[in-house]
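Please read this report alongside the sequence and the 3D view. It takes a loop first, then the sheets, a helix and a cavity.

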Amino acid sequence: MTQPLSLGRCVSCPMTAAPPTAEDVRDALAGVDDQDLGDDIVSLGLVNSIDVDESSETVHIDLALGAPYSPTETGMANAVRDALGHLDYDLDLSASIDRGLDPEDEVLPNVENIIAVASGKGGVGKSTVAVNLAAGLADMGARVGLFDADVYGPNVPRMVNADEPPQATEDEEILPPEKFGMKLMSMDFLAGEDDPVIWRGPMVHNLLTEFWENVLWGSLDYMVVDLPPGTGDTQLTLLQSVPVSGAVIVTTPQEVAIDDARKGLKMFGRHDTPVLGIVENMSAFHCPDCGGEHAIFGEGGGQDLADEVEMPFLGEIPLDPSIREGGDEGRPMILDDGETSHALREFARKTANMQGIVHRRRVSGR
């Protein structure tokens with residue numbers, strides 16, 4: 001899938017009389033580095049194609065970048081523009097990643113990245129993390145879908161104040177509602193308000209397949225999937241059915257949560273799914289009365305786990321009553337101001353950057 005980069009086109013000042021050649025452009029691009037992979041984008045094989053169109057005086061470049069609106073890849077696109085600023089041609093940048101999938105067999109072919117948010121146990125704020133990650137990516141400008149795959153305990157619609165049910169087309173396809181720039185789908189839209197979902201595994205599999213195949217998600221840069229806790233039927237169905245591009249593991253600092261997070265890591269490892277990193281939720285509580293900081297659930301557990309398993313650490317999200325209030329009132333905390341909102345935005349940026357690194361590593365073989 002080819003995605004236009006977020007920075008538009010630029011027109012540079014005329015500096016040369018002769019039209020540039022593809023080799024001229026390639027030589028200039030050799031000066032643009034990928035700081036994460038430690039080499040230039042030409043040597044890394046991140047330049048898919050260069051086309052010099054003399055009739056329109058435009059240089060078309062397609063780059064192997066796969067995390068739209070991530071700060072790192074947006075910065076690399078800026079560096080490409082700077083490197084070619086001496087040309088008297090317009091510059092048209094696009095980005096595409098070959099995911100190595102057969103288009104005829106691919107589920108969700110118009111979704112660039114599928115990020116699963118998982119935890120080994122319940123009660124760690126996984127849905128809160130998923131909702132804020134999706135809202136943060138959408139706030140960056142990305143096209144985002146948020147899929148609440150926690151069939152037995154769906155609560156994403158409440159957390160974004162989405163009370164509009166999905167609509168159906170004449171072909172019995174589902175049109176998902178939208179909130180905060182995100183397309184939404186959840187079992188909560190279909191079940192009664194207080195009705196429990198009492199289903200066996202095959203029924204869950206069929207429902208999830210229906211949501212993936214018959215919901216009109218459209219073209220998305222990111223689909224964030226809020227998984228139920230544990231390593232059960234829903235996780236297995238996801239990993240066997242759709243091309244998950246990365247997983248985020250949510251834990252709290254306490255040891256019991258860390259122990260279960262390890263199980264989630266092993267599950268993704270057995271299915272060759274890249275783990276983008278570990279995020280620690282409910283870290284230190286900043287008391288609004290005394291001004292002190294209290295490690296109610298312990299401290300440093302998420303960072304220690306990341307170091308132990310050699311995974312990126314995506315950050316600490318404070319234990320803040322405002323997050324609970326935002327969830328109850330239906331407004332993601334990441335869209336507000338303050339220390340906790342800043343921590344959530346940093347987490348979203350790091351997650352998007354890690355998704356890009358995963359793609360570029362696969363392309364470059366580094």
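Where does proline 253 lie? Proline 253 sits in the loop between β15 (246–251) and α7 (255–270). Helices here are DSSP runs of H or I with at least four residues, strands are E runs of at least two, and both are numbered from the N terminus.

This is a predicted model, in which local features need pLDDT of at least 70, side-chain atom pairs count only at pLDDT 80 or more, and totals for chains, interfaces and linings use all residues. Residues are numbered from 1 along each chain as its sequence is written, and side-chain values use heavy atoms, with hydrogens and water left out.

Proline 253 is buried, with a relative accessible area of 4%. Buried means under 20% relative accessible area, exposed means over 50%, and partly exposed is in between (1.4 Å probe, protein chains only). The C-alpha atoms of proline 253 and glutamine 303 are separated by 8.7 Å. Along the chain, these two residues are 50 residues apart.

**The open sheet**

An open sheet of 8 strands runs in the order β12-β13-β9-β14-β8-β15-β16-β19. Its pairing is mixed. Two strands pair if DSSP finds at least two bridges between them. β12 (178–179) and β19 stand at the edges with a single partner strand each, so one side of each has no neighbour in the sheet.

Strand β8 (residues 111–118) is mostly covered, with 8 of its 8 residues buried. Valine 111 stands opposite leucine 220 in β14, while valine 117 has aspartate 226 as its bridge partner in β14. On the β15 side, alanine 118 faces isoleucine 249.

Glutamate 280 stands opposite glutamate 316 in β19.

| Strand pair | Bridges | Sense |
|---|---|---|
| β8 and β14 (residues 220–226) | 6 bridges | parallel |
| β8 and β15 | 4 bridges | parallel |
| β16 (residues 275–283) and β19 | 4 bridges | parallel |
| β6 (residues 58–63) and β7 | 6 bridges | parallel |

**β6 and β7**

Strand β7 (residues 90–96) is largely enclosed by the rest of the structure, because 5 of its 7 residues are buried. Aspartate 62 stands opposite serine 94 in β7. The chain crosses from β6 through helix α2 (residues 71–83) to β7, and this β-α-β crossover is right-handed. That is, with the strands pointing away from the viewer, the path from the first strand over the helix to the second runs clockwise.

**Helix α10**

Helix α10 (residues 339–364) has 26 residues. From first C-alpha to last it reaches 37 Å, close to the 38 Å expected at 1.5 Å a residue. The expected span is 1.5 Å times one less than the number of residues. Glycine 365 follows α10, with a positive phi near 75°.

**A cavity**

How many cavities of 30 Å³ or more does the structure hold? There are 2. A cavity is a set of points on a 1 Å grid over the protein atoms alone where a 1.4 Å probe fits but cannot get out; lining residues have an atom within 4 Å of a point. Points are joined across faces, edges and corners, and a volume is the space filled by probe spheres set on them.

The second largest cavity has a volume of about 40 Å³. Its lining residues include Thr128, Met159, Ile323 and Arg331. α3 (126–140) and α9 (321–329) are the elements that give two or more residues to this lining.

Definitions and conventions
On a 1 Å grid over the protein atoms alone, a cavity is a set of points where a 1.4 Å probe fits but cannot get out, and a pocket is an open set with protein on both sides within 12 Å along at least five of seven lines; lining residues have an atom within 4 Å of a point.
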